[in-house]
Amino acid sequence: MTATNLNETADRVRRRDASPVLRMSETAAANLDGNPADPADDERMIMNMGPAHPSTHGVLRLILELQGETVLRCKPVVGYLHTGMEKTGEQLSFLQGPTNVTRMDYSSPLFNELVFSMAVETLLEIEVPERATWIRMMMCELNRMSSHLLFMATNGMDLGAVGMMIYGWREREEILRFFEKVTGLRMNHNYIRPGGVAADLPDNWQADLTELLDVLPERLDEYDILMSGQPIWRDRLQGVGVLNTAEALALGATGPILRSTGHQWDLRRDEPYLAYDQVDFDVIVGTYGDSYDRYAIRLNEIRESLRIVRQCIETMPKGDYRIQDKKVTPPPRARIDQSMEALIHHFKIFTEGFKVPEGEIYVAVESPRGELGCYLVSDGGAHPYRMHIRGPSFVNLQTVPYLLQGGVIADGVAAVSSVDPIMGEVDR
Amino acid sequence: MADQDPGAAAGDAATEPPRRHGALVASSRGQTVLHAERAQLRTLVAALTAEGFDQLIDVTAVDYSVADQPRPLPAEVVPERFEVVVGLLSHGSRERVRIRVQVPESEPTVPSLFDVHPGCEALEREVFDMFGIVFEDHPDLSRILMPEDWIGHPLRKDYAVGRIPVQFKGAPSSR
């Protein structure tokens with residue numbers, strides 16, 4: 001892409017004759033709510049949608065400027081779930097960090113833990129054992145599947161395919177059951193930690209997983225019958241909430257939103273981390289950049305993740321599941337009774353924590369929603385000096401006014417749903 | 001052009017530190033970091049965009065006021081309390097750069113990058129909300145995560161954890 005047309009794009013996004021972004025304070029919007037701004041034109045009004053609306057995926061609030069039923073401009077209002085997690089991250093030690101970040105994007109917690117742990121490891125300049133890398137990759141792909149299944153469920157529910165909600169949740173629950181076996185928890189696992197993972201895979205994990213993987217392909221084919229090929233579903237989504245590549249790039253959109261415009265970009269392929277350069281998978285891209293493409297991309301990404309998980313089962317290397325550096329990972333419980341040194345290491349790690357050399361780093365992974373980044377600054381102490389998470393949902397929400405512009409309110413529900421924002425990550 | 005060598009813009013003298021579009025080039029754990037002056041930020045980002053860095057990935061800030069030790073910076077860079085950090089990504093050459101800009105406490109303003117990358121709008125609002133750094137020429141610089149009438153900037157280091165009880169001032173509402 002050349003410089004001139006990129007700047008033109010930025011210009012157009014900025015100066016669209018009728019900019020889709022409503023820039024109005026909440027107070028001003030509250031005063032106008034429900035009343036026509038101009039008495040002569042009583043079709044045109046400001047309307048509030050959310051934060052407690054069934055299709056806003058948590059607590060997203062949209063201030064809409066409507067002409068009749070058509071959306072002219074829109075302002076997403078966020079912050080209802082803000083709990084200062086970046087500030088909290090500065091109080092916790094590097095070992096405690098994952099317990100905090102895992103609660104950000106609660107539908108794909110392992111990715112948050114992964115990106116934080118990778119940032120800490122880069123600052124420490126340590127390499128995790130091969131088995132830990134593969135366990136991380138396998139668990140993350142399972143998490144991508146569970147997250148996309150959750151999207152299938154909520155997207156179906158938003159559009160009136162209530163049956164789909166039950167099916168999506170059913171399949172997701174089966175994956176979460178496997179997570180519970182491995183990590184002890186269905187969500188917020190604190191499983192991926194700096195230095196490796198918290199525990200090795202349980203006995204017989206291959207059998208559990210194979211059983212799960214054998215069921216899923218036919219279930220996904222059922223989704224195709226229930227939704228993909230169904231005329232009502234297609235009519236509801238095709239051509240709704242269209243974005244082109246230039247707009248997506250200019251707005252910072254990543255993940256399925258960027259890929260739906262036909263732009264091939266997936267950090268797993270383009271900036272391989274973990275062992276993604278050793279597995280075989282396809283990057284799914286769309287053509288039209290509409291809600292249907294975003295739905296279809298996620299459905300097919302579940303299939304690609306299945307392929308990756310199968311390869312992980314086959315090649316899972318033997319060895320340590322965490323680095324054997326006693327300054328970073330705690331000693332096994334049994335050693336504490338036998339070795340004074342192990343007791344000291346244990347005590348030091350859980351009271352003071354380990355120190356991370358001074359420096360700053362940005363690490364990014366491909367989460368189910370796009371580029372999840374972690375900017376980590378250490379001043380040489382045992383706590384991050386600054387921990388910033390670049391949440392893909394937060395940035396992707398900027399596309400919402402563009403997706404909604406010119407459509408009717410009912411299509412807005414389809415468009416917001418197809419962005420798949422997780423508000424925990426938006427607000428942090 | 002997109003694959004331009006990082007040191008291509010460097011002066012011929014060997015003692016001269018490498019520069020790229022006028023910004024000092026440094027490295028942090030193998031990642032490219034550019035140290036820019038506030039005044040040159042916008043032209044630098046525009047030049048990098050023209051070079052192929054087609055997406056602005058991240059805008060954030062750090063408050064260095066209570067760091068245990070002075071951070072390592074090139075000799076030419078004068079450390080200030082705040083640092084605004086901008087991440088750019090080139091999809092063509094699969095390359096990233098990070099721009100660090102020193103922002104003094106006495107005048108915490110930075111030019112907005114909205115002209116070049118409209119995707120920075122929410123990110124810059126977040127930095128303004130959390131650090132009180134003002135982005136000049138931003139179209140709608142308002143709080144984004146905290147309530148509109150909140151006082152203080154939570155991610156500043158002098159904003160203590162748990163200092164303030166819940167601070168809602170009865171914002172006017174229609175319901």
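Predicted model: local features only at pLDDT ≥ 70, side-chain atom pairs only at ≥ 80, totals over all residues.
Six bridges link strand 1 of chain A with strand 2 (residues 61-67) of chain A, and the two run antiparallel. Within the pair, A:Met49 has A:Leu62 of strand 2 of chain A as its bridge partner. The two strands belong to an open sheet of three strands in chain A, ordered 1-2-3, with antiparallel pairing. Strand 1 (44-49) and strand 3 (70-77) of chain A each have a single partner strand and stand at the edges, so one side of each is left without a neighbour in the sheet. From one strand to the next, the twist averages 20°.

Chain A holds another open sheet of three strands, in the order 6-7-8, and here too the pairing is antiparallel. The edge positions are taken by strand 6 (359-367) and strand 8 (386-390) of chain A; each has a single partner strand, so one side of each lacks a neighbour in the sheet. Direction ignored, neighbouring strands of this sheet are turned by 15° against each other on average. Nine bridges hold the antiparallel pairing of strand 6 of chain A with strand 7 (residues 370-378) of chain A, and A:Ala364 stands opposite A:Gly373 of strand 7. Helix 5 (residues 109-124) of chain A packs on the sheet, where it touches strand 6 and strand 7 of chain A. The direction of helix 5 makes about 150° with that of strand 6 of chain A.

Buried residues in helix 8 of chain A include A:Leu209, A:Tyr223 and A:Met227. The buried residues of this helix pack against four helices of chain A, namely helix 6 (130-158), helix 7 (162-183), helix 9 (231-237) and helix 13 (291-315). In UniProt, an unreviewed entry places the feature "domain: NADH-quinone oxidoreductase subunit D" at residues 158-428 of chain A. That span is 51% helix and 10% strand, and its end C-alpha atoms lie 24 Å apart.

In chain B, two hairpins follow one another. Strand 1 (residues 19-20) and strand 2 (residues 23-28) of chain B run antiparallel and are joined by two bridges, with B:Arg20 opposite B:Ala23 of strand 2. Two residues lie between the strands of this hairpin, and B:His21 takes a positive phi near 50°. Strand 2 of chain B also pairs with strand 3 (residues 31-36) of chain B, in the antiparallel sense and over five bridges. B:Ser28 stands opposite B:Gln31 of strand 3 of chain B. Here again two residues lie between the strands, and B:Arg29 takes a positive phi near 50°.

The two chains also meet: 43 residues of chain B are in contact with 49 residues of chain A. On the chain B side, the elements that give two or more residues are helix 1 (41-51), strand 4 (55-63), strand 5 (82-90) and helix 2 (121-131). Strand 4 of chain B supplies the largest share, six residues. By class, the side of chain B that touches chain A has 20 nonpolar, 13 polar and 10 charged residues.

How values were computed. Residues numbered from 1 in each chain as written. Chains lettered and ligands numbered in written order. Contact = placed C-beta atoms within 7 Å. Nonpolar A, V, L, I, M, F, W, Y, C, P; charged D, E, K, R; others polar. UniProt positions renumbered as here; feature names shortened; annotations may be inferred. Buried ≥ 20, exposed ≤ 12 C-beta atoms within 10 Å, placed from the backbone. Pairing = 2+ DSSP bridges. Axes fitted to C-alpha atoms, helices over the stretch in contact; angles between N-to-C directions.
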